[in-house]
Amino acid sequence: MKRVLITGITGQDGAYLAQFLLKKGYTVFGTYRRQSSGNFWRLHYLNISDKIKLISADILDSTSLYRALEISNPTEIYHLAAQSFVAASFDQPLYTSDVTGLGTVRILDQILKFNKKIKFYQASSSEMFGSGKSLVQNESTPFMPSSPYAISKLYAYWQTKLYREAYGIFAVNGILFNHESPLRGLEFVTRKISNQVAKISLGISKKLELGNLLAKRDWGYAPEYVEGIWKSLQVKNSDDYVMATNESHSVKEFVEEACKIANISIKCLKTNKKNLRPFDVNHLQGDYSKAKKKLGWKPKTKFTDLVKLMVDEDIHRWEQRLNGKYLPWDAGNF
Ligand code: NAP
Ligand code: F7E
């Protein structure tokens, strides 16, 4: 049976990827970092927490990463752990560089020492294109990172390429555009909207406060992206792949669609300067034709379906909560 190690298994993608790989018959090991309160709600939500072998490890601690390799002895590593929130990277630029940038080298270096044959996946980001001029971005588009997060991811991207070329490691960069789901963290804009709109529709809250409404993103559905992530390690040669939907929508459009679905007025939408970033990326839209051609991967869920499934799930959760039910879920904890 194939053994796999996922860093960041407690995050959105880690949880969906673990579920996907378990269905494929893999033995799944996942790293989590020690916190004062555990963060396993996504694994509980997917009902897979007892099927995964958890290893305590921090991306800042190389010794713990080597130990994770010894325990799991994997054939594939999916490196998903990161400080992944762009806004926080402006407040914590050094920490973000350390975890999101240097962290990738820490793992690649342990792979060199432990077993060069392990296949490695790096979760790179469309944020690396940042404020570049191209309206649609693919694997050849020049990078123009516009946040400490994007710069850290770009550093990790180049290191991944270097380990591939210099040491012959099977190392893949997935250039992932935004992908969302009901398991998305509450601070990201799509989930912030779906959760708040759900609460407003049930009379628990009155307003939705956001920042830059004009920013446009290419939003896909996370469970489909983890399949692409897996596919990119199953081909003969390691390469880099954009995963996206090739459609771009503004934050305002997301709110309008969400309000329509929940049957509430758009007047709940307010702006607050505290949600603005020192620098923002205005437009991202990804051309995924290489992934389609080489991996047979393509996205299925359309923008309106994505908004609907997120809003519907958050309404359902709040309804259950109002009925006194316990469920594994982040918002209910507040
Ligand atoms: P996420 O929900 O924020 O999950 C991040 C994971 O990293 C969590 O499990 C988190 O653990 C872990 N982590 C953070 N700092 C760590 C540390 N110092 N040591 C060990 N683990 C640490 O992110 P995601 O949306 O699943 O994204 C997965 C990866 O894809 C990330 O690298 C992200 O940057 C990248 N990416 C995501 C998107 C997207 O749209 N989702 C697009 C492009 C790239 P805790 O649970 O303890 O916080
Ligand atoms: O912001 C605007 C905000 O935080 C999207 C991460 O997964 O995808 C994600 O990064 C846009 C930005 O995601 C609010 O200014 C307006 O223009 O949901 P977000 P992100 O920055 O695109 C990339 C591909 C990653 O790699 C990252 O890891 O929405 N926006 N008002 C807001 N954003 C937030 N969070 N909150 C607001 O109130």
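A polar contact is a pair of N or O atoms within 3.5 Å. The views below show a predicted model.

**View 1. Backbone contacts of ligand 1 with Gly11 and Gln12.** An oxygen atom of ligand 1 lies 3.1 Å from a polar backbone atom of Gln12, which falls within the 3.5 Å limit of a polar contact. Gly11 also takes part through its backbone, where an N or O atom is 3.0 Å from an oxygen atom of ligand 1.

**View 2. The side chain of Tyr149 beside ligand 1.** An N or O atom in the side chain of Tyr149 is placed 2.6 Å from an oxygen atom of ligand 1.

**View 3. The shell of residues around ligand 1.** The shell holds 27 residues, of which Thr10, Asn39, Leu80, Ser84 and Tyr149 come nearest to ligand 1. By class, eleven of the shell residues are nonpolar, eleven are polar and five are charged. At least two residues each are supplied by helices α1 (12–23), α5 (93–114) and α6 (148–167) and by strand β5 (119–125). Strand β5 provides the largest share, with three residues.

View 4. A backbone N or O atom of Ser84 is 2.7 Å from an oxygen atom of ligand 2. At Glu187, a backbone N or O atom lies 2.8 Å from a nitrogen atom of ligand 2. Arg277 contributes its side chain, in which an N or O atom is 2.7 Å from an oxygen atom of ligand 2. Taken alone, ligand 2 exposes 700 Å², of which the protein buries 95%.

**View 5. The shell of residues around ligand 2.** Ligand 2 is surrounded by 23 residues, and the closest are Ser84, Ser125, Tyr149, Arg277 and Asp280. Ser84 and Tyr149 are listed here for ligand 2 and also among the nearest residues of ligand 1. The shell around ligand 2 divides into nine nonpolar, seven polar and seven charged residues.

**View 6. The cavity of the structure.** One cavity of 30 Å³ or more is found when the whole structure is searched. The largest cavity contains about 40 Å³ of space. Its lining is formed by Leu5, Thr7, Thr31, Leu65, Ala68, Leu69, Ile77 and Ile107. Strand β1 (3–7) and helix α3 (62–72) are the elements that give two or more residues to this lining. Helix α3 gives the most, with three residues. Six residues of the lining are nonpolar and two are polar, while no charged residue is present.

View 7. The protein chain contains eleven helices and 13 strands. Its radius of gyration is 19 Å, close to the 20 Å that the globule rule gives for 334 residues, so the chain is as compact as a globular protein of that length. Along the principal axes, the C-alpha atoms of the chain fill a box of roughly 55 × 45 × 40 Å.

Key:
Residues numbered from 1 in each chain as written. Chains lettered and ligands numbered in written order. Predicted model: local features only at pLDDT ≥ 70, side-chain atom pairs only at ≥ 80, totals over all residues. Heavy atoms only, no water. 1 Å grid on protein atoms, 1.4 Å probe; cavity = no way out; pocket = protein on both sides within 12 Å on 5 of 7 lines; lining within 4 Å. Points joined across faces, edges and corners; volume = space filled by probe spheres on them. Helix = DSSP H or I, 4+ residues; strand = E, 2+ residues; numbered from the N terminus. Nonpolar A, V, L, I, M, F, W, Y, C, P; charged D, E, K, R; others polar. Near = heavy atom within 4 Å. Polar contact = N/O pair within 3.5 Å; in protein donor to acceptor, adjacent residues only side chain to side chain. Rg over C-alpha atoms; globule rule 2.2 N^0.38 Å. Areas by Shrake-Rupley, 256 points an atom, 1.4 Å probe, with all protein chains shown as cover.
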